[in-house]
Amino acid sequence: MSYKTILNREFLRRKVFGKELRDKWIWLPSVAVVVVVLALVAGIQFGSGSDAIEIKSGAYEFSTLGNRGELEEIAADQELRPQSNAGLYNLESPLFIAKPAARTLSLTGFTRARTTMTLVAEESGRCMEVLADIGEEIGPDGVFAKLDPTFIQLDLDRNRAEQTRLNSDVRFHSKEMQRYKKLVKGETAAQTALDSRVKELTSARQQLEVLKVEEKRLLERLDRLLLKAPAGWKVSSRNLEAGEWIVAGTAVADLGRFDVLLVPYALTNSELSALRDFGENLKLYLPEAQAEAQARIARIAPDFDPETRKIMVDLEVVDGDFVFRGGLRTVLNIPLPDPGGSVLAPINSLIKAYEDYFLIRPDGKRVKVLVLGDGPEGAHGPTARISSPEISAGQSFLLNPVKSASDGEKEAAAKVN
């Protein structure tokens with residue numbers, strides 16, 4: 001609002017007093033009041049302007065309006081930073097090269113048997129004995145259960161009796177054939193009689209061969225009455241009890257090979273490449289067992305899961321100081337490059353100022369960084385994961401930028417000289 005507007009008679013009559021002022025004796029005191037107010041405002045501005053000061057120190061300068069005493073205290077207490085930090089740091093310190101930081105990807109899996117199988121009865125019969133229960137191992141002979149062999153054994157005995165009879169017939173017909181050969185040669189018997197003896201001998205031999213094949217079949221059936229499984233495998237479940245009648249084709253038990261464990265994982269291509277880099281140093285951590293296990297890649301699926309877009313990889317555990325069984329939780333740690341571009345820096349190279357951290361370049365310039373967390377043990381001691389838009393892997397920085405007491409004494413002596 002300008003002074004002319006304030007002095008405007010119409011404004012005074014309508015805005016200041018809120019009504020029309022027609023009496024000049026009332027109007028004159030109002031003008032006097034306005035003049036006094038304007039004078040006071042001008043005096044305050046003039047006085048404030050006199051308190052404006054300018055503070056200069058080193059490479060920094062600033063000016064402000066306010067109370068002179070307060071500004072002098074601020075200037076005395078304010079720690080002003082110089083433009084060049086070269087004199088504050090040990091530029092003769094050895095350098096280190098920032099290396100790219102790796103983030104650790106932890107994947108969880110569960111152990112299972114290396115191989116599983118379902119044991120199926122191949123012959124019908126009554127179960128006589130079950131030799132392994134759930135959780136127990138199959139014995140060295142590999143027998144899980146035995147079925148009743150009575151009827152097959154009877155068929156086998158009959159077969160062998162028939163073979164004995166035919167062997168006797170073969171010997172008899174062989175002698176008869178030799179005898180008729182001599183008679184035919186001496187022309188005392190007809191050739192047809194000799195041919196009949198040869199046919200009978202051939203028929204007896206063929207019947208004997210059939211019985212021998214039948215004996216092999218019966219022996220095989222007799223052997224299959226013993227339900228066998230690989231020795232050392234453990235029984236996961238069973239559906240058979242002693243005295244129970246089972247039909248051929250019935251699943252009687254589930255078995256698994258638990259001396260070697262399998263841990264499946266679903267990995268991306270980058271994770272699979274990092275896993276292959278482990279080579280023979282691949283290890284799995286078992287939190288519940290509080291143990292580590294040596295592992296190796298057992299198989300890699302050539303295809304991928306279209307839903308998760310990952311590749312199925314099975315790891316094999318062959319040795320470990322824990323009880324081998326299924327369902328043990330395992331943790332696989334895979335180091336991967338940090339997508340955020342963070343790098344590793346030795347903790348000694350970081351300088352803290354208030355709540356901020358800095359790295360010092362070889363020329364003495366400091367770069368503000370954000371500390372993300374602890375890093376692995378490095379060649380120069382413990383490291384930290386840091387990030388900054390001004391820092392990338394491969395750049396060099398001072399390893400020990402803080403000056404020691406001896407460095408300060410040397411500088412002081414140089415200045416005196």
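**Before you start**

This is a predicted model: local features need pLDDT of at least 70, side-chain atom pairs count only at pLDDT 80 or more, and totals for chains, interfaces and linings use all residues. Residues are numbered from 1 along each chain as its sequence is written, and side-chain values use heavy atoms, with hydrogens and water left out.

**Stop 1: the whole chain**

Show the cartoon. The chain has 8 helices and 22 strands. These are DSSP runs numbered from the N terminus: helices are H or I with at least four residues, strands are E with at least two. Of the 417 residues, 30% count as buried. Buried means under 20% relative accessible area, exposed over 50%, and partly exposed in between (1.4 Å probe, protein chains only). Now think about contacts, meaning heavy atoms within 4.5 Å. Among those between residues at least 6 apart in sequence, 69% join residues at least 24 apart.

**Stop 2**

Two strands pair if DSSP finds at least two bridges between them.

Zoom in on strand 8 (residues 143-147). Strand 7 (residues 125-130) pairs with strand 8 over 3 bridges, in the antiparallel sense. Find Cys-127; Leu-147 of strand 8 stands opposite. Strand 8 also pairs with strand 9, antiparallel and over 3 bridges. There, Val-143 has Lys-228 as its bridge partner. Is strand 8 mostly covered or uncovered? Mostly covered: 4 of its 5 residues are buried.

**Stop 2: the helix pair**

Select residues 150-185 and 191-224. These are helix 5 and helix 6, which pack at an angle of about 160° with their axes 8 Å apart. Axes are lines fitted to C-alpha atoms, for helices over the stretch in contact, and angles run from 0 to 180 degrees between N-to-C directions. Helix 5 and helix 6 are therefore roughly antiparallel to each other, a label for angles over 145 degrees. Their crossing is left-handed: the near helix is turned anticlockwise from the far one by less than a right angle.

**Stop 3: strand 15 and its partners**

Move to strand 15 (residues 311-320). Strand 12 (residues 251-267) joins strand 15 through 7 bridges, and the two run antiparallel. Ala-266 stands opposite Met-312. Strand 14 (residues 291-300) also pairs with strand 15, antiparallel and over 7 bridges. Here, Ala-295 stands opposite Val-317.

Step back to Gln-290, in the loop between strand 13 (283-286) and strand 14. Check its backbone: phi is positive, about 50°, although Gln-290 is not a glycine. Most residues other than glycine have a negative phi. Gln-290 counts as exposed, at 68% relative accessibility.

**Stop 5**

Strand 17 pairs with strand 21 (residues 381-387) over 4 antiparallel bridges. Leu-344 stands opposite Arg-385 in strand 21.

**Stop 6**

First, Ser-342. It sits in the loop between strand 16 (329-337) and strand 17 (343-346). Is Ser-342 buried or exposed? Ser-342 is buried, with a relative accessible area of 3%. Display its contacts: leaving aside neighbours within four places in sequence, they are Pro-100, Ala-101, Leu-372, Arg-385, Ile-386 and Ser-387.

Next, Tyr-354, in the loop between strand 18 and strand 19. Its phi is near 60°, a positive value in a residue other than glycine. Tyr-354 is exposed, with a relative accessible area of 61%.

Last, Gly-364, in the loop between strand 19 (356-360) and strand 20 (366-378). Gly-364 counts as buried, at 3% relative accessibility. Draw a distance to Leu-398: the two C-alpha atoms are separated by 8.6 Å, with the residues 34 apart along the chain.

How values were computed:
Parallel < 35°, antiparallel > 145°, perpendicular 65-115°, else oblique.
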